[in-house]
Amino acid sequence: MPVYSFYIFDRHAECIYKRRWLPRPTSIAGKPSRATDAQAGSTGLGQTVKAGDDDAKLVFGTVFSLRNMVRKLGGEEDNFVSFTTSQYKLHYYETPTNIKFVMLTDLKSPSMRIALQQIYINLFVEYVVKNPLSPVEHPGGVGVNNELFEESLEQFVTRVLA
Amino acid sequence: MCAHPNPTDRAGGLIYQREFQAGLRKLSTNDYLVLAGTFHGVHAITRSITPKLPLAPSTSPVASSPGTTAPATSGYSYPNPGVPATGLEFLETDKFHLTCFQTLTGTKFLLFTDPLTGNVDTIMNKIYELYADYVMKNPFYQLEMPVRCEAFDRHLGAWLRGRT
């Protein structure tokens, strides 16, 4: 059950954490050579990709518009849980403090609402919010990019969700 | 079951909207238009944020993937190679489900249902069929204009009433 990417947005609509997991390059050809395997290992699972900020902004725009749309139709306490396209599934969880957790997975994955809640309660609160050195707000990802949080998120996604 | 089909045209304008059972909040006509326009934009964005998976660099993807629509030549593939990337198709919330069906010509049908309603695809296909029969085949219907076809209203209402 591959997880493609994971985003955290704060209440100022800023992306404070972003991580992508690239599955091993899919070689459709019959026999992948040794060299490609080695390369696949190095660029494989768990690599943080420093790409442009654009996709985070697009993801935020989508999630924000859909959330407003759902609230308009379903009432203030309604919230959207996930949506699917023909290629991926996007899961959404918003905390009472308006921090938004977004995860993109493949189509076959079950509802990730509990998983995102777990990430918030067991990882974000424990390692970011309770960290005495971490600021209250996280402009540019300050305080979220600490080693413990990243490491445990990595483990959670690769071991628990995989 | 509350169904709520809204065909939106290719530019995101709402051309038909009807509520069959109360369940969702009642909005003004203007709000529905705004909603349809917003959805149109979001639909396009959801297609563009499709994750791109890198292909193994040494393989020759062009020769190895005949017939796939994934842009293999540029070094990445979509998670579901062979299926063209589409925008949002199904949205789940606590209170309702939204199914979006896009026809080949780009008209979108949005169906809002209760989370317990099953067989949404069947409903959607029937609505499309009725739309083709009573709207598109109506010689007085002007393309991209609001749908005002009495026969469509009647048949749609009758069919959905027969289902519930």
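Reply: Happy to! This is a predicted model, so let's begin with confidence. Within chain B, the lowest mean pLDDT, 43, belongs to helix H2 (residues 61-64) of chain B, while strand E4 (residues 90-93) of chain B has the highest, at 93. Over residues 58-70 of chain B, pLDDT stays under 50, and the model has 26 contacts beyond four places in sequence for them. Where pLDDT is low, the predicted coordinates should not be read in detail. Chain B as a whole has a mean pLDDT of 83, with 85% of its residues at 70 or more. For the model, ipTM is 0.81 and pTM is 0.81.

Now to the helix I would pick: H1 (residues 29-48) of chain B. Its 20 residues should span 28 Å at 1.5 Å a residue, and the C-alpha atoms at its ends are 29 Å apart, which agrees.

Which residues of H1(B) are buried? They are Leu35(B), Ala36(B), Phe39(B), Val42(B), His43(B) and Thr46(B). Viewed down the axis of H1(B), the buried residues fall within an arc of 135°, so they line one face of the helix. On the face turned away from the buried side, H1(B) carries the exposed residues Asn30(B) and Ser48(B).

As for what covers the buried residues of H1(B), both chains contribute: the cover includes helix H2 (54-74) of chain A, along with strands E1 (6-8), E5 (97-102) and E6 (108-113) of chain B.

Notes
Residues numbered from 1 in each chain as written. Chains lettered and ligands numbered in written order. Predicted model: local features only at pLDDT ≥ 70, side-chain atom pairs only at ≥ 80, totals over all residues. pLDDT = per-residue confidence, 0-100. Helix = DSSP H or I, 4+ residues; strand = E, 2+ residues; numbered from the N terminus. Contact = placed C-beta atoms within 7 Å. Expected span 1.5 Å × (residues − 1). Buried ≥ 20, exposed ≤ 12 C-beta atoms within 10 Å, placed from the backbone. Arc of directions from axis to C-beta.
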